Amino acid sequence: MDFEISNLTEEKVPLELMEKVIKKTEERLNIEDSIVSITIVDNERIHEINREYRGIDRPTDVISFAFMDEDINPENGLTNLGEIYISIEKARVQAKEYGHSFERELCFLLVHGLLHLLGYDHMEKEEEKVMFSLQDEILESLGITR
């Protein structure tokens, strides 16, 4: 999977760790010939996105826009899975709330967003069980624990 991580904030993010998470997700789910865009933003920007595209007037932690193109881009041979936006501020707050590291929370949000792009959801109890166990499996395999 090809990916691009853009940090639109002044804060440092653990890019190497995020890359490992993407690669592990790719490996675990046998993802091939695809591309995804990940953007780290502040609460103000994710609030705007949430309001504009979801009609929810508050900041959130992660938003995924799944493209799931059936068409392969003839220029690069890749399927564009979509875009993920992560609020760095929400990640910091939630890490404290849940009692784990900022890095763990950021990686959790990344995996969560990736799984949404791949069609996983958590609206129903059974779907949630599958998605959350997969998230935990991927993170734990990299030693990213609570």
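**Salt bridges and burial**

Modeller: R92 and E11 form a salt bridge, with their closest N and O atoms 2.4 Å apart. The model is predicted, so local features need pLDDT of at least 70 and side-chain atom pairs 80 or more, while totals for chains, interfaces and linings use all residues. Residues are numbered from 1 along each chain as its sequence is written, and side-chain values use heavy atoms, without hydrogens and water.

Colleague: Why is the pair R92 and E11 called a salt bridge?

Modeller: The term requires a side-chain nitrogen of Lys or Arg within 4 Å of a carboxyl oxygen of Asp or Glu. R92 and E11 have N and O atoms 2.4 Å apart, so the pair qualifies. By this rule the count comes to seven salt bridges.

Colleague: What makes R104 and D136 a salt bridge?

Modeller: Their closest N and O atoms are 3.8 Å apart, so this pair also meets the rule. R104 is in helix 4 and D136 in helix 5 (residues 125-141), 32 residues apart; helices are DSSP runs of H or I, at least four residues, numbered from the N terminus.

Colleague: How do you know whether R104 is buried or exposed?

Modeller: Buried means under 20% relative accessible area, exposed over 50%, and partly exposed in between (1.4 Å probe, protein chains only). R104 has 3%, so R104 counts as buried.

Colleague: What makes D136 partly exposed?

Modeller: D136 has a relative accessible area of 26%, so its value falls in the in-between class.

Colleague: Why is E27 called exposed?

Modeller: E27 has 52%, so E27 passes the limit for exposed.

Methods. Helix = DSSP H or I, 4+ residues; strand = E, 2+ residues; numbered from the N terminus.
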